[in-house]
Amino acid sequence: MSMQAETAFLVSEQETAALRARLREVRLAQYARLRGGFPIPLAGMVYWLVLAGLGHSLQLGDWASVAFFGSGAIFPLALVFSKLFNTPFMKDRSPVDSVLFPAFVSMLLFWCFIAASVSEAPSLVPLILAVGMSAHWPVIGWSYGRTALFTAHAVARSVLATVLWIAFPDERLTWLPLSVAAAYALTVIALWVDSARVRRSLAGASAAAPA
């Protein structure tokens with residue numbers, strides 16, 4: 001490799017590092033502005049709490065129907081919460097927004113397993129729902145610069161739901177959704193606290209930067 005080519009390569013590495021650093025700053029800034037997008041998991045918590053309550057009175061088939069059609073209420077409810085808490089995630093724009101659509105499409109593919117399970121193995125529906133609706137969380141976490149936090153939610157709820165599904169076969173419609181709701185609640189608290197810390201950190205860095 002010639003000296004000129006090697007120099008160009010080194011500059012490219014520096015530019016890549018700078019781009020990565022700047023992209024991380026942008027992602028964290030959006031994370032701080034939107035408080036980690038907590039209205040969406042807050043809506044998810046309400047959805048799963050309702051399913052947990054209905055688990056006492058509904059048969060599996062009826063419960064699955066409510067879970068299927070009720071999932072459409074999560075996004076409108078998140079919009080209501082975003083209005084109440086002044087976190088307009090739909091109006092906020094970021095250079096990484098384009099990753100969200102394929103992330104949600106990938107997540108929605110799990111409904112194929114739901115459709116097959118309804119006729120072949122209906123008892124699997126609650127578990128598939130609990131795990132499938134967390135498939136996009138690691139990507140959403142990356143878009144906020146918080147991959148580990150969001151991935152921890154997805155992994156923890158999936159493992160917990162699986163353990164409860166196996167351990168309590170007669171209480172699956174109650175304990176499983178309740179565990180997912182609890183995971184959402186803990187995550188909402190974590191997002192609120194962590195995004196506030198990031199917001200303070202960014203504000204301090206901005207104040208310390210030379211004019």
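At what angle do helix H6 and helix H7 pack, and how far apart are their axes? Let us come to that pair by way of the whole model.

This is a predicted model, in which local features need pLDDT of at least 70 and side-chain atom pairs count only at pLDDT 80 or more, while totals for chains, interfaces and linings use all residues. Residues are numbered from 1 along each chain as its sequence is written, and side-chain values use heavy atoms, with hydrogens and water left out.

The protein has ten helices and zero strands; here helices (H or I, at least four residues) and strands (E, at least two) are DSSP runs, numbered from the N terminus. Its C-alpha trace spans about 70 × 45 × 30 Å along the principal axes. Of the 211 residues, 38% count as buried, where buried means under 20% relative accessible area, exposed over 50%, and partly exposed in between, with a 1.4 Å probe and protein chains only. Among contacts (heavy atoms within 4.5 Å) with a separation of 6 or more, 77% join residues 24 or more positions apart.

Now back to the opening pair. Helix H6 (residues 111-120) and helix H7 (residues 125-132) pack at an angle of about 175 degrees, and their axes lie 9 Å apart. Axes are lines fitted to C-alpha atoms, for helices over the stretch in contact, and angles run from 0 to 180 degrees between N-to-C directions. H6 and H7 are therefore roughly antiparallel to each other; angles under 35 degrees count as roughly parallel, over 145 as roughly antiparallel, 65 to 115 as roughly perpendicular and the rest as oblique. On the H6 side the contact is made by Trp 111, Phe 113, Ile 114, Ser 117 and Val 118, and on the H7 side by Val 125, Ile 128 and Leu 129. By class, this contact has seven nonpolar, one polar and no charged residues. For these classes, Ala, Val, Leu, Ile, Met, Phe, Trp, Tyr, Cys and Pro count as nonpolar, Asp, Glu, Lys and Arg as charged, and the others, Gly among them, as polar.

H2 and H7 pack at an angle of about 170 degrees, with axes 13 Å apart, which makes H2 roughly antiparallel to H7. Here Tyr 47, Trp 48 and Leu 51 of H2 meet Pro 126, Leu 129 and Ala 130 of H7. This contact has six nonpolar, no polar and no charged residues.

Some of these names return in the largest nonpolar core. A nonpolar core is a set of buried Ala, Val, Leu, Ile, Met, Phe, Trp, Tyr and Cys residues joined through side-chain atoms within 4.5 Å. Of its 43 residues, Tyr 47, Trp 48, Phe 110, Leu 129 and Leu 176 touch the most other members. Helix H10 (residues 172-208) gives the largest share of this core, eight residues. Not counting residues up to four places away in sequence, Leu 176 touches Trp 48, Pro 126, Leu 127, Ala 130, Ala 161, Trp 165 and Glu 171. In soluble globular proteins, nonpolar side chains tend to be buried together.

Which residues of H6 are buried? They are Trp 111, Ile 114 and Ser 117. Seen down the axis of H6, the buried residues fall within an arc of 110 degrees, so they line one face of the helix; the arc is that of the directions from the helix axis to the C-beta atoms. These buried residues pack against H3, H5 and H7. On the other side of H6, Cys 112, Phe 113, Ala 115, Ser 119 and Glu 120 are exposed.

Most residues other than glycine have a negative phi. Asn 86, in the loop between H4 and helix H5 (100-108), has a positive phi of about 55 degrees although it is not a glycine, and at 63% relative accessibility Asn 86 is exposed. Arg 35 also has a positive phi of about 55 degrees without being a glycine; Arg 35 sits in the loop between H1 and H2 and is partly exposed at 24%.
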